[in-house]
Amino acid sequence: MPNPSSQRPGPRPGGWHRLLLCTLGLGLCLCAAGSPSEAGTEERRHLTSDQFGQWERIGGFRISPDGRWFAHVIRRIDERSWVSLTRTDGGGDPLRFEAASGFDFTDDSRWFLVREPLDSDDADNRGTQLTTVDLQTGDITRHARISSYQLARGAGVVLGTVPAERRDADHPGLELLHLESGDRKQLGHVLRSSLSPDGRQAALVLGGSDPEAMQRLAVVDLDTLEVRELEGPAYFASRPQWHPDDDRVAVFRRTTSDAQPSNTELAVYGTTKPAGPLHVLDDRWKTLCPVDACALGKRVSGIGELRWADEGRQLVFGVSAVDPAAASGDEVSELAVWHWRDDPLPPRRQRDGTNALAVAAWAPGPDQLTTLTTLNPHRSVRLLSGERHLLVQDAMPYRPHFRERWRDFYAVDLRDGRQFLAVARQEAVHASAAGHYLLYFRDNHWWTMDLTTQQRARLTEGLDARFNDYTRVSGREQDQPFGHGQWGEDDRWVLLYGRHDVFRVSPDGREAERLTDGRDAGIRFRHHRLGWHADPPRDDTPLYFSTVNERDKSQGYLRVQPDGSSRWLIQRPGRLRFLHQAQAANAYIMMAESATESPNFYFTEDDFSTLRRITDTNPQQANFHWADDELIHYQSRSGHPLQGRLLYPADYRPDRRYPMVVIIYEERSENLHSYNPPNLGGLFNQRVLSSEGYFVLEPDIAYELNRPGLSAMESLIPAVEAALATEMIDPDAVALVGHSWGGYQTAFAITQTDLFRAAIAAAPVTNLVSQYNAVYRRTGQPNANIFETGQGRLTRLFWETPEPYLANSPVFHAHRASSPLLIVFGTDDQAVDFSQGVELYNVMRRAERPVVMLAYEDERHSFRERSNREDATRRKLQWLDHHLRNQPSQQWMLGSVPTRVTPLRSAALGQQDATRH
């Protein structure tokens, strides 16, 4: 293996100063100009914590349908934010809307809409207002009455909510604003609303602030703003649901003011002239109820409240049981009974709170009511794409779940209620885009089930690739797949992934072709959609693929034409994301970043011959020392070739050796080229560590079954040795840090080696036996399956074969720990029990090994309070400075301090910043 030092790049202290565009044989590549150390390095300053707040990140974004405008959110570390609107041709100055949100373009690209803070001195009249920009004239109008809005794209009409205090009333109202004409219409209290599929009508439930007041159902023609009443007075219990043909709505209504569920019925109303009631499902729905009391129209997961399905022929809805105690108002007992056959456990049952009993379909035309399926805590349902079939998941035959969560999957035809077993003993089943097929992975192959013929096909038989993800080590009975991409139009084909390449396969498996050729070059291709909600691709349109070179982490985009020809659009050493095409133009945007290049969007309208930068984040970076990163290569003790990301200290000089912090968690080399803005609110922020003068190593780990800790050591130690071989790092000043599973690896590593001068374990698993027997409080599920088939990689039961649990648990070896350990925990951690930290603390304390634990009251796995996140970061830096830089210890490290200590503020860290360099 080549000596890492022989591959070391030149000086790395700064960022790119400008971007050039160069055309290569493979496509467009963004290039750096000059060496980072050549221009103005002597003018750069050390970045201190009081300057972190000015760093920016791009949030949501959108390109106008005509491709001429681009809007995006900027969020700063100090929590300031704004929306920026700019021309993609580079003309004019961007418009900036402070603390704004909720922006959009109309379909004709004439108007831009955004929510801004209301400029008001009235403490009772705060909130947001709608602002509109006429993109043809540049006129900006602020609509102070409207606090939030919904855009009817087809008609160019805004449905704006008017709060009560802005209309001198005791309840909010609705204002309809026609953007083109400026016409307005004010309506009273709108309880619920929904837009028709074509966006040219809105159905409204109108009422008053009194829940017992009579209500009206109306429809608005958004072209004319004409309101037509469909029925009233009455009582409506759901949002109106539009028929696909835009000519009728369905809604649950009550026959009396009494809100008892038994008084509910389902009605369909015509919305065209003459408008009014068409069909009613009265109390016949009660025949679906097998218990004393049921409710109609309760939301069912996977379906919703009420859905038109089967091309608008039927309405699908749920029937739920009414809890007798809740209905009667009786006090509910706090007693929970835990039975050994329970699945799910009581915490999961309390979280789900499900009481759905049945799913039914009603065809209003023939007035036909059909029970589609029954439900229980072990049976769930979802309406498939195409809305012709339900997919029912039944876990009952396999409960209780200890390892894989097997289920049987049944398909139900909505037209006749016919049900058949589609796939047995499977964890996951996917549906095709048009709903004609089920897709699932079994025995290392992809399979389909034709929902019409019930024929199965093995799609990947004979293809020259492996589709099971053999790179991930787990205790699962079967490997999971590398994944799949989109289905083609009308389900004519599906894209399936090997490790590197993408195959297009017909759903019957008779036709298959490899679309990419990445295996020999080590390039990973994945299908890329050009929009968040892109339609299934047609046979006559090109396909786009994102790429990652596994050998150097360079990224790119490739376009494959229908005739099979392909072209690299861009390929570069950096990260590329969010390639989007404008809805109605041959215009594209894309985000690019690297360790030294702040993430920015670029625009092209000439088929990627050139790229124009249209955002400008973090220009202040040029004033500070800022380091680049590189990829190091090494082998595990068992011979696995591995990689790691090495980020340089911000003020790196070749004549010095620097301390190094190793961040561990499974595979970390994919972070190469990540920008990492400095932020005290993170867990272990790489840029903060770099700015404080540390190398930061993020290595990949190769695991073995039943040796999660021991096998990690066989990757971790060679990674550190490879970094030390560069001779840039002080071997006596290396620390190991990690969070959650990385915290576990950190706590275990210091019991196995004296390589690390200090360590920090945040929320670590420390006793594999006790954590195995705990409940994962986020989900209410036991931890057993995480250990046996997931991250724990322990395939044997601890009472049958205790050795792997004992050999890989930090608490059973903590008496040998030689590195001072800082444990950081939230006392209300929902993923790793706080007791895990207490166990390790007690063992190390009893063994008289140096350990300090910071316990943050009521915090969870990731801290919610910003002040606590920043305090933890400051103490972590103090810990590293003391042990790696010989800085004086802080009072909280010495013991005999009050149980409650004062949080560290920015000034405290700033004083240390001044002495650190």
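**Cysteines, helices and salt bridges**

Reader: Are Cys 289 and Cys 294 buried or exposed?
Author: This is a predicted model, in which local features need pLDDT of at least 70 and side-chain atom pairs count only at pLDDT 80 or more, while totals for chains, interfaces and linings use all residues. Residues are numbered from 1 along each chain as its sequence is written, and side-chain values use heavy atoms, with hydrogens and water left out. Buried means under 20% relative accessible area, exposed over 50% and partly exposed in between, using a 1.4 Å probe and protein chains only. By that rule, Cys 289 and Cys 294 are both buried.

Reader: Which handedness does the disulfide of Cys 289 and Cys 294 have?
Author: The structure holds one disulfide, a term for a pair of cysteine sulfur atoms within 2.5 Å. The sulfur atoms of Cys 289 and Cys 294 are 1.9 Å apart. Because the torsion about their S-S bond is about 80°, the disulfide is right-handed.

Reader: How many residues of α10 are buried?
Author: Helix α10 (residues 866-885) reaches 27 Å from its first C-alpha to its last, close to the 28 Å expected. Just after α10, Asn 886 takes a positive phi of about 60°. The helix is largely enclosed by the rest of the structure, because of its 20 residues the number buried is 16.

Reader: How many residues apart in sequence are the parts tied together by Arg 253 and Glu 231?
Author: The side chains of Arg 253 and Glu 231 meet in a salt bridge (2.8 Å, N to O), which is a side-chain nitrogen of Lys or Arg within 4 Å of a carboxyl oxygen of Asp or Glu. Arg 253 lies in strand β20 and Glu 231 in strand β18, so the separation of the parts they tie together is 22 residues.

Reader: Which helix holds Glu 721, the partner of Arg 637?
Author: Arg 637 and Glu 721 meet in a salt bridge of 3.4 Å, N to O. Arg 637 sits in the loop between β48 (629-635) and β49 (641-647), 84 residues from Glu 721, which is in helix α4.

Key: Helix = DSSP H or I, 4+ residues; strand = E, 2+ residues; numbered from the N terminus. Expected span 1.5 Å × (residues − 1).
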